[in-house]
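Hi,

Here is the structure I promised to pass on. Have a look at it first, and my notes follow below.

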Amino acid sequence: MGGHDWSQSDSEVVVKLAVDASTGKEQIKVRFESSRLSVWIAGRSVFAHELSTKVDPEECYWQLEGAGDARKLVIMLCKKRNGQWKALTKDEEEAMPKKDVLDEDFDVLNLEHDDDDPERVEEQEENERKLEARYKKFRAEKGLDNEDTLQTFFALFDNCIQLYRLNKLSDYLEEILPVCRKRNDKYKLKAIQAVAFVKWKQSKFREALPLFHEMEDILGKGAALCENIAHTYNSLGDYEKAEDYFRQALRFIEQEHGANQGNRGGVLLGLGLVRDRLGKHREALPVCRKAYEFYMDRANGAPASLQAKAGISCAKLHMKLGEMAKAEILIREAVHMYEVTCGETSPLTASAYHELGKCLWKQRKRSDAQKALQRAYEIESQKDAWDLVTLLEIHNMLMDTHLKETDHIERSRFQDYFKTVEYLAARVKRELPQDGNAAVYYKAAAELKAWGGRYEEAKELFNMAIPLFRTETSTDCTGLLQSCEDMMAFCNRNLEGKQNSPMDFEVPSKVAGEADPSSGQAAEEEEEEEEEEGVKIEEIIDEEEVQTAMVAPSSSPAEKPASHCYRAALPGDGPLLVRLCKVCGLESLLTGEAVFDRHICGPGAGLCWAAERPDGELSGFALCGSDGVFGQVLQLAVAPIEDADRLRHDLIRQCVGACRLQGLRSLRMVALSEADSQIAAALGGSECHRVYELLSSDGKTGAADEAALRDAPPRTGAVAATSSSSAAGASEAHAKLKRDDKKLDSYYNAWDKVNVDKALIVEDGGDPSVVPEDVGSIEAFAEFGVLDATAKISSFAWDQSDKFVSIYVPFEGAGALPEGAVECHFQPHGVLLLVSKAQKQHWFKVPNLCREIDIKASKKTVKTDQVAIKLKKLEASVQWSDLNDEKDKYQKRREYRINHGDLKGATTEELLADMYKHASDEDRAGLRDAMRVNREKRAEDAKIATEEAKRARAS
């Protein structure tokens, strides 16, 4: 490897190779790869080695310098990460003595994960052990304020945040943050950022937000910071600010990284979630899918946690839209990716299994759902930052899979969950306040034990729950207590031999349900029948916001009953609601009169109802909203008076009538207590999977209710109010459901085909013509489902003639595969190659070809170790700029930026710099020469001007 020398700075490496005096540029070929450098001179390899550390190939270049014996080939390598290399090549580095992680001169940057490498949890866990040992050593020997200690800690932080070691990091940061705040260097900002990230991941959004804004004051706005602030506002429900910051982030990404670069996927995902939380699920789906495709392309076939995250978001939207099969494919892919990249016991893996269980149970795939939910239960119970509400949801759904819609119950199956339940019950006793929340879990665990035949153990848990329910004052626990006592009696009868409960029994058909529970068609027919009968109440357990057993605490004695009248809510009722909530011990969801009034005139118009006392104050208020399809009770506040239950009942009844007259399918109400369930039952609700459905007897609202509704303020929000006094009228309103004055079907179908890039530019007030038409639809080759990301074929080559474009896809042993194992599918702007081998389907796809092709005249040829695809150009003699349309799109967008956008009026140097950022290696060499010539010309002009000025002064 003689004939070369090298030097380095923090950001670059310079390699110099001696060449003959006669060597010209045309004889030199240099290949830059992230981990390898290869050089050929006159067809002979003179350097081909793995580099010791990664470089950015797009920023590397070479040039010839000198003449005669001093002529050299100078190669500039741009380091992927700043820092000093130990050696130029991997071979040289491996020949050097190995350093221990505890050595003073060990470089902790060597342990950082490279974003371009596949994520492997085993490597992260090993690095965690090494870095933690180094941090503890330096902390003890050098103190927290030492540079080496802080450098090691933040390397540990970057590693642990990927592993979700949130509690550990929170404890460390309590002592790190005060030390770093006293400094005026990079560690101050890093510490604030670290605390903000941990708070956010712990769902402490209100604590994270001021820290992000503090960073904004120090740094100014940027793509990553705007995205973090946007996600925080989104989680807090301030969707207007969230969308504003997401849009700022998109603009910064394009300025800093170029089109479709940076973390554009994360920002698009955030924008999709904003639409989702506003109830616009159809609108959210194409935006989230765009984020999913962004991460899939970036992963290049390797498992990636960000792709999994985007896939889960898409899957949740598919589930909300009833597209369970599509959701299941995406969630199964995410489970696999999380297990590979984050570990089998990661919180992300647990969440994915939970979503998989939900999806499978909605399809009544009972056995598979039980396996997924059991795994979710096991992992969630072991998390350091565990959530009892999530665990109870998993527990209850798991119970449902055994007890609901079945004709046969095997009680012995409950024993599979004993170990998890015992472990979690011990954690609840050890780590949580012993109150009503703890009692709810003891009761749930006891019921599972009783179903599994462990009556003594069940009694112990019931005996732990009962005293806590009796002392709970924040809500009425009468129903919960009665349930515990009934189950205790059941256990006692079995233990005393007075009752012999079989461990395996059949369920009568009328109880189990006449329809086959595994039949999706039966479920759909049942749902259709229910919808035809009129508006219903659905009482559901909210998966994010419900506090398990807690309702508004009432510290004051019950007031005397007061007469009250019911009326639709009006703008200006905000202060009355705030005072009512204060009496109830609640915090109003809508703070500020302007926010309240916007809701009453928008998504809550005609749906919110108040119970008013003679003195003008409120004794009850039902705050509701709508997405144009369903109504939702957002908050129910009733003063602690003698007839409070009746008041709650009547308010909900009024809301049901309002939903019916507006053509909504149902009213959904979060169940915060047993009392809410009793109200639903009293209104005639039928229960299934904790969902109570209320069907009115004649499909009509009561006369008094209907009169009140007719007098309600007109609806000015997204859903136009309709009225009907007959079942036929109600049915017609349901069939012609409206949103923004458009038929629901056409509105949703339009969003399925939306061009996300154009939509975002239009919403920003820009010209959508800057975005070329998508020739490869997001639905391209959708009939083949979601392809396995781990089986993507990434290597290929291509060339073109006047009539054809040829793609060469290497695949070892392709010629020996059986007939039919290699398929090629063509679309006007796309090509998909499928290769089946060893029970795995490998694939290569270009959904956005540069130009349109002649499908019938295009073909494939299978060779020994390669598949050749020949695409017939529809426009002969037209040269393609690239295989896909990205270059053409970029060029059109660039022209718009020059004429109307951020490059308008830019200097030649700025235009060249922007071109350089998006150019290929070959193009960059030419651009560097052009920029050098431009700089030299300006320098020469300046020199001439200076000399002329001197002569003018002399004369």
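Leaving aside its neighbours within four places in sequence, which residues is S619 in contact with? They are H564, L580, A611, E612, R613, A637, V638, A639, I641 and L647, where contact means heavy atoms within 4.5 Å. S619 itself sits in strand β13, residues 618-626. Its relative accessible area is 2%, so S619 is buried (buried means under 20% relative accessible area, exposed over 50%, partly exposed in between, with a 1.4 Å probe and protein chains only).

Before you read on, some ground rules. This is a predicted model, in which local features need pLDDT of at least 70 and side-chain atom pairs count only at pLDDT 80 or more, while totals for chains, interfaces and linings use all residues. Residues are numbered from 1 along each chain as its sequence is written, and side-chain values use heavy atoms, with hydrogens and water left out.

The overall picture: the protein has 32 helices and 26 strands (DSSP runs numbered from the N terminus, H or I over at least four residues for helices, E over at least two for strands). Of its 955 residues, 46% count as buried. Among contacts with a separation of 6 or more, 66% come from residues 24 or more positions apart.

Three strands make up an open sheet in the order β3-β4-β5, with antiparallel pairing (strands pair if DSSP finds at least two bridges between them). β3 (28-32) and β5 are at the edges with a single partner strand each, so one side of each has no neighbour in the sheet. Direction ignored, neighbouring strands here are turned by 5 degrees against each other on average.

β4 (residues 36-41) and β5 (residues 44-50) are paired over six bridges. Within that pair, V39 has F47 as its bridge partner, and R36 stands opposite E50. The two strands form a hairpin with two residues between them, and A42 in the turn has a positive phi of about 55 degrees.

Next, a helix pair. α4 (residues 166-181) and α5 (residues 186-201) pack at about 150 degrees, with their axes 9 Å apart (axes are lines fitted to C-alpha atoms over the stretch in contact, and angles run from 0 to 180 degrees between N-to-C directions). The two helices are therefore roughly antiparallel to each other, a label for angles over 145 degrees. On the α4 side, the residues that meet α5 include L166, L169, L173 and I176; on the α5 side, those that meet α4 include Y187, A191, I192 and V195.

Apart from its neighbours within four places in sequence, T401 is in contact with W361, R366, A369, Q370 and L373. L373 is 28 residues from T401 along the chain, and their C-alpha atoms are separated by 9.5 Å.

Finally, two loop residues. R364, in the loop between α13 (347-362) and α14 (366-382), has a positive phi of about 60 degrees although it is not a glycine. S877, in the loop between β26 (866-873) and α30 (886-899), is a residue other than glycine with a positive phi near 70 degrees. Are they buried or exposed? R364 counts as buried at 18% relative accessibility, whereas S877 is exposed, with a relative accessible area of 51%.

Cheers

Notes. Angles under 35 degrees count as roughly parallel, over 145 as roughly antiparallel, 65 to 115 as roughly perpendicular and the rest as oblique.
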